[in-house]
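Here are some friendly notes to read with the model open beside you. Take the points one at a time and find each place on screen as you go.

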Amino acid sequence: MDDTIYALGTPVPSRAHPGAISVVRLSGPRAAEALIFLTERRAFERGHSARDPALPEPRRMTLRSLYDPKSGEAIDRGLVAWFEAPNSETGETMAELHLHGGRAVVGGALEAIAKLGFCRMAEPGEFTRRAFENGKLDLTRAEAIADLVAAETDQQRRQAMQQMDGALHRLYEDWRTLGLRTLAHLEAAIDFPDEDLPPGIADEVHAGITQLRAEIAAHLDDRRGERLREGLHIAIIGPPNAGKSSLLNLLARRDAAIVSETAGTTRDVIEVHLDLGGWPVVLADTAGLRESGDAIEQEGVRRARARAASADLRLLVLDATSGWQAERDKLVASTERWDGARDIVVVNKIDRASVADADVVPVSALSGDGLPELLGRIEQAAGALMQEGGAPPLTRARHREALVECQASLARALTASEIALAAEDVRLAMRALGRITGTVRIDELLDIIFRDFCIGK
Ligand SMILES: Nc1nc2c(ncn2[C@@H]2O[C@H](COP(=O)(O)OP(=O)(O)OP(=O)(O)O)[C@@H](O)[C@H]2O)c(=O)[nH]1
Ligand SMILES: [K+]
Ligand SMILES: [Mg+2]
């Protein structure tokens with residue numbers, strides 16, 4: 001970490017998309033020195049060094065011209081700032097150049113920094129990695145920054161912010177504290193002369209491990225994080241010609257699925273990705289549910305049923321003009337995992353027959369009538385699915401792996417034949433937990449995590 005690194009922190013300006021501003025950041029022991037050489041004309045030749053009087057006050061934006069250190073040519077004029085270690089994002093000395101967002105300006109500035117000869121381009125995620133190395137954030141918070149940058153919907157952003165505030169870090173650290181307390185009991189007991197744990201301690205250890213296992217099991221069962229990342233899966237099902245594809249197109253605001261008056265038009269599952277009320281959603285249109293002699297249609301119906309069963313939420317679409325009540329009863333009874341309290345019955349084509357039933361959502365996919373009510377119901381159901389329980393959700397496969405390993409070690413600890421073995425198992429379990437937050441360092445793991453970041457972050 002002795003290198004001074006630099007990178008463009010904003011998108012690369014292109015001819016089509018120049019930016020109003022581009023920000024170049026530097027971090028490392030010679031960042032302030034670099035700032036002097038870049039903003040004091042000819043200073044590089046004269047060989048001024050850090051803490052030059054020309055250096056602006058730290059943490060204060062200052063208007064400066066930016067010069068090529070070798071030729072002395074002015075490249076741009078903009079705001080610059082610097083931050084003294086350790087009071088910066090990375091914990092190192094940092095400098096920022098706020099440039100005009102043009103290709104030649106940014107290119108010239110990066111070249112000027114390269115000419116100094118003592119800075120190098122940052123690797124992807126290197127700024128955040130340095131922040132981690134300097135104790136500015138733990139791994140779950142670092143991952144939250146990546147999630148925040150990747151967030152496409154409001155709810156994804158909220159989740160990332162919650163994690164950035166340390167909600168997940170606290171949960172995992174609380175578990176580690178509980179585990180370490182249990183471990184302390186076990187280690188104390190190793191020194192007892194008897195083979196068996198004294199009863200009081202045995203109970204305490206047993207209770208501690210059992211509680212930990214139950215809390216981790218509930219957390220592992222929780223699919224909210226996955227839904228928020230991958231999208232909530234909603235399946236549109238119903239009899240042929242009810243208007244399922246029409247409804248999908250209406251919700252997607254485009255002609256994603258073929259609509260026709262021929263029953264049995266849709267065969268494959270058709271997916272569209274949407275943002276419904278801030279929730280990322282994968283909405284699937286499916287084949288109409290009916291007995292069919294046609295082998296291809298039969299396969300379509302099988303896929304429709306499978307998708308309905310695996311979805312988080314089901315929309316059963318019925319035709320207002322043709323005995324929808326009987327159809328509803330039949331299909332609700334034959335749909336796996338139908339949840340009467342959450343899944344939604346939609347009665348379509350109310351432009352042709354009126355529907356008054358408080359338990360269903362009347363719509364017309366043709367005119368758009370009833371769409372706001374339907375969207376409201378979907379958002380409500382999504383909110384209920386996502387917010388059950390106040391604990392922060394599991395957000396990464398990496399965390400899941402470590403937690404599964406932790407659970408296995410705890411299970412072994414409960415059945416261990418000797419105190420020393422049980423203690424070793426609890427120690428292993430705590431190591432697995434510590435890997436999640438970075439309390440336990442594994443360097444190759446760090447490489448994988450930070451590589452996923454963009455350059456300049
Ligand atoms: N009047 C009226 N017609 C509709 C409405 N929604 C759909 N239709 C018509 O109903 C017919 C079937 O619509 P689709 O969207 O293809 O129905 P589907 O449920 O996807 O049909 P399959 O894929 O064959 O199962 C088409 O002719 C649509 O134009 C509606 O709200 N009102
Ligand atoms: K149809
Ligand atoms: Mg269809």
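Where in the chain is the place of Thr266? Look in the loop between H10 and strand E8 (270–276). Keep in mind throughout that this is a predicted model.

1. **Two annotated residues.** An unreviewed UniProt entry lists Ser245 and Thr266 under "binding site". They span 22 residues in sequence, yet no two of their C-alpha atoms are more than 7.6 Å apart, so they gather at one spot. Ser245 is found in helix H10, while Thr266 sits in the loop between H10 and E8.

2. **Are these two buried or exposed?** Ser245 has 25 C-beta neighbours inside 10 Å and therefore counts as buried. Thr266 has 22 such neighbours inside 10 Å and also counts as buried. The cut-off that matters here is 20 or more.

3. **Who touches whom.** Leaving aside neighbours within four places in sequence, the contacts of Ser245 are Ala257, Ile258, Val259, Thr265, Thr266 and Asp285.

4. **The shell around ligand 1.** How many residues surround ligand 1? There are 22, and the closest are Gly243, Ser245, Ser246, Thr266 and Gly288. By class, the shell holds six nonpolar, 11 polar and five charged residues.

5. **The annotated span.** The unreviewed UniProt entry also carries the annotation "domain: TrmE-type G", covering residues 231–383. The end C-alpha atoms of that span lie 13 Å apart. Within residues 231–383, 32% is helix and 22% is strand.

6. **The whole chain.** Now zoom out. The chain has 16 helices and 12 strands. A compact globule of 457 residues would have a radius of gyration near 23 Å, but this chain has 30 Å. Along its principal axes, the C-alpha trace spans about 90 × 80 × 40 Å. Of the 457 residues, 40% count as buried.

7. **Three domains.** The domain assignment gives domain 1 (4–122), domain 2 (140–222 + 394–451) and domain 3 (232–387). The centres of domain 2 and domain 3, taken over C-alpha atoms, are separated by 41 Å. Their contact takes five residues from domain 2 and four residues from domain 3. On the domain 2 side there are no nonpolar, three polar and two charged residues.

8. Helix H1 (residues 31–39) is mostly covered, with nine of its nine residues buried. Helix H4 (residues 126–133) is mostly covered too, with seven of its eight residues buried. Among the buried residues of H4 are Phe127, Arg129, Arg130 and Phe132. H4 is followed by Gly135, whose phi is positive, near 75°.

9. Ala95 lies in strand E5 (residues 94–101). Ala95 is buried because 29 other C-beta atoms lie within 10 Å. Apart from neighbours within four places in sequence, its contacts include Ala31, Ala32, Ala34 and Leu35, which are buried residues of H1. For a sense of scale, the C-alpha atoms of Ala95 and Pro239 are separated by 63 Å.

10. **Backbone details to check.** Most residues other than glycine have a negative phi, and most peptide bonds are trans. With that in mind, look at the peptide bond from Ala85 to Pro86, which is cis, with omega near 0°. Pro86 is found in the loop between strand E4 (74–83) and E5. Arg42 has a positive phi, near 70°, and its place is in the loop between H1 and helix H2 (43–46). Arg59 has a positive phi as well, near 60°, and belongs to the loop between H2 and strand E3 (62–67). Arg42 counts as exposed, with 11 C-beta neighbours inside 10 Å, and Arg59 is exposed with 11 other C-beta atoms within 10 Å.

Conventions: Residues numbered from 1 in each chain as written. Chains lettered and ligands numbered in written order. Predicted model: local features only at pLDDT ≥ 70, side-chain atom pairs only at ≥ 80, totals over all residues. Near = placed C-beta within 6 Å. Nonpolar A, V, L, I, M, F, W, Y, C, P; charged D, E, K, R; others polar. Helix = DSSP H or I, 4+ residues; strand = E, 2+ residues; numbered from the N terminus. Rg over C-alpha atoms; globule rule 2.2 N^0.38 Å. Buried ≥ 20, exposed ≤ 12 C-beta atoms within 10 Å, placed from the backbone. Domains from an automatic or database assignment. Contact = placed C-beta atoms within 7 Å. UniProt positions renumbered as here; feature names shortened; annotations may be inferred.
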